[in-house]
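Subject: Structure handover

Hello,

I am passing on the structure below, together with notes on what was found in it. Please read the notes with the structure open.

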Amino acid sequence: MTTLVVAGPTGIAEHDGGSYHPEQPARMFAVMDGVRALGLDDDVVYAPVSDATHAELSRVHSPAYLAELEAFCARGGGDIDPDTYARPDSWLAARRAAGAGLAALAELDRRGEGVAFVPVRPPGHHATADRAMGFCLVNNVAVAAASRTALGERVLIVDWDVHHGNGTQAIFWDDPDVLYVSTHQHPLFPGTGRPDEVGGPGAPGLTLNLPLPPGATGDVVRSAIDEMARPAMEEFAPDWVLVSCGFDAHQADPLGELELSSGDFAELARVVAEFVPRPGRLALFLEGGYNPGSLATSVEATLGALLDAGGRPPAPTSGGPGMAQLQADRTERLRAIDRVHTEVGP
Amino acid sequence: MTDQRVVVVVGYDGSDDARSAVAWAATAALALGARLRVVHAVGLLEHAGMAGHGHVDGVLPLKTAVEAGLDPADVEWHVVDGDPCGALLRMAEPPESAVLLVVGSRGAGAHAGTLLGSTSLELAEHAPVPVTIVPRSGPPG
């Protein structure tokens, strides 16, 4: 049986914005309820987690930003913007969250098999090279991806969080070794993720945005990844597949208006797994997901689909809007890629 | 017939600083013969009705702009889901093509003494058009 490598949970004691804030420590308890419900027993391995070093963080964040964040926390922290906070130990929490991702990939590498899950706080995909935002301080999935591109490997990042991962997109905008694929509700925070955002002159087409209208159901999201993104993912031929697996696209989540069930995440996981080049090359990073109940069932369904474990998830959803928009956006996306090629020249 | 006048854009987050910025931007729009667009970016918590500052609406900024002398027909309240900096930068691109971006010196969530969360400094670094950062000059009248 495939091993589940868990690197976490982290950030429970160090990073707490108060009971009003939806990104709260109790999310980790819900997530681990989902892991336990799989009933894997001896097939779960907990990877030892170390704090990411400055050198590891600096692959994707500017040293000036890291110094500013560390100093801000040392002064007691506070509200960085209306959504995002830091506490005295949030710098530690952020380094540990990023370190958990690195530990997960190292454990997969060592074992040569397994699927890794990285349940950490704070989440990461909104953090840019030099800016905290959207609950995120350090971009965990980006730190992990950059650790592999530094070794000459190619990384596919699939981001199915309800919000666009603007930070991840910006960090790898012009990187030919990373393909970033995102499904997300649009319009919605952070406002990025339009289909004509396709990557820079060094990586045209390696950013693939699949925006979805409010009310979109699982069949639309699945089609976006399985049909719209499939050619790009096959052509890219990644060495690693990392998933920014936010669960706030669930119909019960308070921060978005997509209509997915837990069973839809199981279907998405099966599709993404098709692009994993060999055993031990798939890691899922927790991003959003703010309803404890749906967070637990979605974690169980997602990991259960990959490991053939757990109970039977709720039925996938269908019939929501967005299919026609996906088709129209494909044309816009191809035009945008042509524009980038034209600007670069032969 | 399409209104061909240029557009001045001002960010508004409900803070006193932002209201000062609206007053300054209205004066600038008058001088330029421009229309004024007041932009409020809705973040994660506000979208979900969980924001500590509560609901931000356009009544106060529009009143401020009119008191500064602008015709009400030349002021537009624009709400967009997104990050404030990104939302304002997009206003400088076609089709909006604002000729000037205006913000208060510190927003509702920003902390004095840090660059973290500073929309104004981010804008100043990345905007393709002039940016005016308006200091708070005391409570608006």
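Is A:Gly134 buried or exposed? A:Gly134 is buried, because 29 other C-beta atoms lie within 10 Å; a residue counts as buried if 20 or more other C-beta atoms lie within 10 Å of its own, exposed if 12 or fewer, and partly exposed in between, with C-beta atoms placed from the backbone.

Some conventions first. This is a predicted model, in which local features need pLDDT of at least 70 and side-chain atom pairs count only at pLDDT 80 or more, while totals for chains, interfaces and linings use all residues. Residues are numbered from 1 along each chain as its sequence is written, and chains are lettered from A and ligands numbered from 1 in the order in which they are written.

Surroundings of A:Gly134

A:Gly134 sits in the loop of chain A between strand 5 (115-118) and helix 5 (140-149). Helices (H or I, at least four residues) and strands (E, at least two) are DSSP runs, numbered from the N terminus. Apart from neighbours within four places in sequence, A:Gly134 has contacts with A:Asp83, A:Thr84, A:His126, A:His163, A:Phe189, A:Pro190 and B:Leu44. Contact here means that two C-beta atoms, placed from the backbone, lie within 7 Å. A:Trp173 is 39 residues from A:Gly134 along the chain, and their C-alpha atoms are separated by 19 Å.

Strand 5 of chain A

From this strand, A:Val115 and A:Phe117 point one way and A:Ala116 and A:Val118 the other, and all are buried. In a regular strand the side chains alternate between the two faces of the sheet. Strand 5 of chain A runs parallel to strand 1 (residues 4-6) of chain A, joined to it by three bridges; strands pair if DSSP finds at least two bridges between them. Strand 5 also pairs in the parallel sense with strand 10 (residues 282-286) of chain A, over four bridges.

Two helices of chain A

The axes of helix 1 (residues 26-36) and helix 10 (residues 292-307) of chain A come within 7 Å and cross at roughly 35°. Axes are lines fitted to C-alpha atoms, for helices over the stretch in contact, and angles run from 0 to 180 degrees between N-to-C directions. Among the residues making the contact are A:Ala30 and A:Val31 of helix 1 and A:Leu295 and A:Val299 of helix 10. The residues of this contact divide into nine nonpolar, two polar and three charged. Ala, Val, Leu, Ile, Met, Phe, Trp, Tyr, Cys and Pro count as nonpolar, Asp, Glu, Lys and Arg as charged, and the others, Gly among them, as polar.

Strand 1 of chain B

Strand 1 (residues 7-11) of chain B is mostly covered, with five of its five residues buried. Five bridges join this strand to strand 2 (residues 35-42) of chain B, and the two run parallel. B:Val7 stands opposite B:Arg35 in strand 2. Strand 1 of chain B also pairs in the parallel sense with strand 4 (residues 100-104) of chain B, over three bridges, and there B:Val10 stands opposite B:Val102.

Where the chains meet

The contact takes 24 residues from chain A and 24 residues from chain B. Helix 3 (63-74) and strand 3 (78-79) of chain A each supply at least two residues of the side that touches chain B. Helix 3 of chain A gives the most to that side, with three residues. By class, the side of chain A that touches chain B has 15 nonpolar, four polar and five charged residues.

Regards
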